[in-house]
Amino acid sequence: MVNLTQPPKPKQSQETPLKEKFMKRKSLSRKAAIVGAGISLFGAFPDKSGRDLFVEAFQDMKVDKGFNPKDIEALYLGNFSGDIFEGQAHQAPIMADSIGILPCPATRIEDACASGGVALREGILAIASGMYDMVLVGGVEKMTALPTAQVTDALGIAADALYEVPAGFTFPGLYASMATAYMQRYGLKSEDLMQVAIKNYENGVLNPKAQFQSSVKDIMLAKIKAAQSKGKPVPAWQNEMDFLHDNGANPIIAWPLRLFDCSPISDGAAVVLLVSEEIAQKFTDRPIYISGTGQASGLPLYSRPDLTTLPAAQKAASMAYEMAGVKPQDIHLAEVHDCFTIAELIAIEDLGLCEPGKSFELLKKGNFHRNGTIPVNSSGGLKAKGHPVGASGVAQAYEIFRQLRGEAGQRQIQGTLSLGLTHNVGATGTTCVVHIFERR
């Protein structure tokens, strides 16, 4: 007699489960190398379309020994929501056409704010498979054509539409929930979040492509000067903390997150040229190899048992470290996903760069500054460089490429750099991707 209330039990096999077999595959069959990278200006450009920005990034890409764009065999494009931001879906072939590489296959990757990082991973896997020897990975987003309220709504569709959005959550609110949980557990103060912003704005000053190229102190002094020139009451700010605590200058968006804790609405694009490791030296004597990559998915925030960590980021990092054969303490610099200041602190811990609950204390000691033990977000991060969401993960790779080659100009980190890391997050950690870069 068949029991209809219980599903039949699968037959037990003596063989190793397929999932376990695949999990043992910890290395790429063929590695990819970055031989060129380009980036557009990040900011607000009412006279530019997404394709204009993509062309700008592509034209900015220089390959030491040259290359023929017609040799590009595929394009992987990170783009979150061009259909909403610009009314233009199916962007990948349009971008391929704009830079003259048709008829190569072009694929748009959408993984919220991790779209660019996942596009890079797909390019790596395409080369590892042996299908291609040269692929272009790009990311682009044109966000500023819409009013802020509509941008907020567009970004909000990356949250859980069944439970989080109807409850009134926007992304500042979701990350504020993470911040308050972290405060409760580890004793974080608002001033600790402000230190993240101060650091990243200082780095942005040195980045000619950054959306914000003024430090918090510079912004404060400019506002004081403007008040004096207009004959208005002069603010009594004595330092950056006074300024950042002022509700008029730095209003609360979702407590404890204020305006300067949030990444801006941005337009921008970035590209990297990937080739198989066997031919990398044909294009440059200084290729940057991608030695590890990891991607994982996680629960939406409302069902996550612990709001002080992103389990998918921990898993993606573990995969990348194991593939590269390195440990967190081997990393020399990192570009992490600081869509909000709390996100940077949590990222540092999820990546194993310090113990849980210790990132803000080490930040105060200077460990993550540009001249610290592990510089984080030397580009200015999403906070100061800007966050055109589909481009952010590729822009992180651009920064690591420049730093490892010693080409970062005024913001160049001193000392011997051989290992860099990028950490790109979609939504509240439902997608996380980590890459490890190596200069041999």
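## Basis of the description

Two strands count as paired if DSSP finds at least two bridges between them, and helices (H or I, at least four residues) and strands (E, at least two) are DSSP runs, numbered from the N terminus. The model is a predicted one, in which local features need pLDDT of at least 70 and side-chain atom pairs count only at pLDDT 80 or more, while totals for chains, interfaces and linings use all residues. Residues are numbered from 1 along each chain as its sequence is written, and side-chain values use heavy atoms, with hydrogens and water left out.

## Strand E10 and its partners

Strand E10 (419-426) has two partners, of which strand E9 (residues 333-335) runs parallel to E10 over three bridges, whereas strand E11 (residues 431-438) runs antiparallel to E10 and is joined to it by eight bridges. Thr422 in E10 takes part on both sides, standing opposite Glu335 and also opposite His435 in E11. E10 and E11 form a hairpin with four residues between them, and Ala427 in the turn has a positive phi of about 60°.

In a regular strand the side chains alternate between the two faces of the sheet. In E10, eight of its eight residues are buried (under 20% relative accessible area, with exposed meaning over 50% and partly exposed in between, for a 1.4 Å probe and protein chains only). Leu419, Leu421, His423 and Val425 lie on one side, and Gly420, Thr422, Asn424 and Gly426 on the other, so that both faces of E10 are covered.

## Enclosed spaces

A cavity is a set of points on a 1 Å grid over the protein atoms alone where a 1.4 Å probe fits but cannot get out, and its lining residues have an atom within 4 Å of a point. Grid points are joined across faces, edges and corners, and a volume is the space filled by probe spheres set on the points. The count comes to two cavities of 30 Å³ or more.

The largest cavity holds about 50 Å³ of space and is lined by Tyr175, Met178, Leu310, His337, Ala343, Ile346, Ala347, His423 and Val425. Helix H7 (171-186), helix H12 (341-350) and E10 each give two or more residues to this lining, and H12 gives the most, with three. The lining divides into seven nonpolar, two polar and no charged residues, where Ala, Val, Leu, Ile, Met, Phe, Trp, Tyr, Cys and Pro count as nonpolar, Asp, Glu, Lys and Arg as charged, and the others, Gly among them, as polar. In the second largest cavity, with about 30 Å³ of space, the lining has three nonpolar, two polar and four charged residues, and helix H15 (residues 392-404) supplies the largest share, three residues.

## The buried side of helix H2

In helix H2 (residues 50-60), Gly50, Leu53, Phe54, Ala57 and Phe58 are buried. They cover an arc of only 135° around the axis, which puts them on the same side of H2; the arc is that of the directions from the helix axis to the C-beta atoms.

## Backbone exceptions

Most residues other than glycine have a negative phi, and most peptide bonds are trans. Ala112, in the loop between E3 and helix H5 (115-128), has a positive phi of about 55° although it is not a glycine, and Ala112 is buried with a relative accessible area of 9%. Ala427 is likewise buried, with a relative accessible area of 8%.

A cis peptide bond joins Leu102 and Pro103, with omega about 10°, and the bond from Trp255 to Pro256 is cis, with omega near 10°.

Methods:
1 Å grid on protein atoms, 1.4 Å probe; cavity = no way out; pocket = protein on both sides within 12 Å on 5 of 7 lines; lining within 4 Å.
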